[in-house]
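Keep the structure open beside you as you read.

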Amino acid sequence: MFFSKLLIPTLREAPADADIVSAKLMIRSGMVRKLASGLYEFLPLGLRALRKIENIIRQEMNAAGGQEIMLPLISPKDLWLETGRWSVYGKELFRLKDRKDAEFCLAPTAEEVVTDLVRKDIKSYRQLPIMLYQFGAKFRDEIRPRFGIMRSREFLMKDAYSFHTDEADLEKYYKTMFDAYTNVCVRCGFNFRAVEAASGAIGGSFSHEFMILADAGEEEIVWCNCGYGANGEKAETLKMEQLQEDFLPMVAVSTPNVGVVEDVARFLNSYPSKFIKTMIYSADGKPVVVLVRGDHEINEIKLQSLLGATEVVLADEQTVTSITNAPIGFAGPSGLKNVKIVADLSVVGISNAVTGANKKDYHLRNVNYSRDYKVDIIADVRKVVKGDICPRCKKETLKFSRGIEIGHIFKLGAKYSKSLNATYLDTNGKENFIVMGCYGIGVTRILAATIEQSHDDNGIIWPDNIAPFEVVIVPVNYADKKTEEVTDKIYKELSAKGLDVLIDDRDERAGIKFKDADLIGIPYRITIGEKNLANGNVELKARRNGKDGVKLLTPESAIVEILKIYKIT
């Protein structure tokens, strides 16, 4: 393959709207071009890398017993109405009509379609378990596409769905898929963590995200050396042991025009951890009071799950006033009636706390649980913070990292099979709902995440097995007969062994060729110059090792070295 014959439009500078490293380098290296907001064209280099990632995933899915299928991008409205997701999914779901005014959507995920497929053809326990997977374009109408292909509107995804007779069989297969995803991450060369996660719009009882550790990560994750890991939405917290004090008499204090915890703490010469913050929420239209320590924040995902609500939002000012008889900023748990109260684990142990007095410009001192207020539910509903102890080993302090989600696996249970009436007959001829699992990987996201985790000032540093080419041969002067002869010999021998090799045959200065090779990130560069050839040598450089990765070898030894690296005999 000759550089001069390929469409590789490298750039010295990235466009101003490229906002992260991967977006800049993918455009500069000629892998992609932006068509419109959130829409990208993949050029030959980008597509070659994408296909290698796809093949790694396909191999792992097949090894896990999967069967590859292909489903339409467009889904009929009726299926989404059956599951109730037509309205739940929101504006990210791109809705459209055909010429007959029938309504459809550009599918961001395929639970409805694949479950419909299975309910038509799977009728007996003898046909289960089964796992079906596909690679396909997905579309989500992101309100603000950003980060290049990381958060684009159209993207390539592998989605898989498993179907089982019961939860025990799903649990067993979930572990198989967890291992398959782990293998994908290892083979792609990632530094990663598998973390517990909230299931979001997909639903289900349990899920894991596979997070690539990178500074550009959109999510904060927490983890511990004991093996525990979770994203910020799911991370658990422990009950905090606090110093118990003798209860003091509750007193009201004037706090004119001071409502924010930090400001009240300064005014009262106290500190936020001594406060109980009282927040009023609306859960599916019903008011709920939520208590959390003054220096903590409420985790609305945990709260929504605890209440089993479809939607949890902060209540409006009118609702707050009707419950507390005070404006926002002065709410407290003491004296509240006829409303559900949820307290975080960290709250009920606070002795002589400071709270709002449910009266404008007043707070209460020395508020204590059971004496001065009661709650309906005590649960973990706060966000994890630095300094929290691991909820699993209960010894080590949790570590925090930024992560890029490239994969998510779910235990769906019977969520979709019930709504779509997907059933099977068991050994006794009894009808049961099929139990499901769901497993997604963002193929284009893997491409971007790889670059975010593996680059330097000169460009991309591809892992050996997903680079668009494994080797680039750079003849300093390809017009020289001896140089051409050695170049062609190395190219033919490495290509015959199944490696993807690029010859930079352009009539450019060696320095330009070297810069482009580093920018593109091809793992190994063989430079053939007349000076070294006069001594019977070529130069082999490992991109990952920089200047320390340069060796002078005979052409034959260079070939042997490359084959050894790729374990080819």
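Start with a charge and a ring: the charged end of Arg48 sits over the ring of Phe469, at 4.1 Å from the ring's centre. Keep in mind that you are looking at a predicted model.

Searching the whole structure gives 9 aromatic pairs. One of them joins Phe2 and Tyr478, with 6.3 Å from centre to centre and 55° between the planes. This pair counts as tilted, because edge-to-face requires planes over 60 degrees apart and stacked requires under 30. Where do the two partners lie? Phe2 belongs to the segment before helix H1 (21-28), while Tyr478 is in the loop between strand S27 (471-475) and helix H12 (481-496), so their contact ties together parts 476 residues apart in sequence. Phe2 is partly exposed, with a relative accessibility of 31%, whereas Tyr478, at 17%, is buried.

For another geometry, look at Tyr133 and Phe135. Their ring centres are 6.1 Å apart and their planes meet at 85°, so this pair is edge-to-face. Are these two residues buried or exposed? Tyr133 is buried, at 1% relative accessibility, and Phe135 is buried as well, with a relative accessible area of 10%.

Finally, visit a group of three: Phe178, Tyr181 and Phe210 are linked into a cluster by ring pairs.

Note on methods
Residues are numbered from 1 along each chain as its sequence is written. This is a predicted model: local features need pLDDT of at least 70, side-chain atom pairs count only at pLDDT 80 or more; totals for chains, interfaces and linings use all residues. Side-chain values use heavy atoms; hydrogens and water are left out. Rings of Phe, Tyr and Trp (its six-membered ring) pair if their centres lie within 6.5 Å; planes under 30 degrees apart count as stacked, over 60 as edge-to-face and the rest as tilted. Helices (H or I, at least four residues) and strands (E, at least two) are DSSP runs, numbered from the N terminus. Buried means under 20% relative accessible area, exposed over 50%, partly exposed in between (1.4 Å probe, protein chains only). A charge sits over a ring if NZ of Lys or CZ of Arg is within 6 Å of the ring centre and within 35 degrees of the ring normal.
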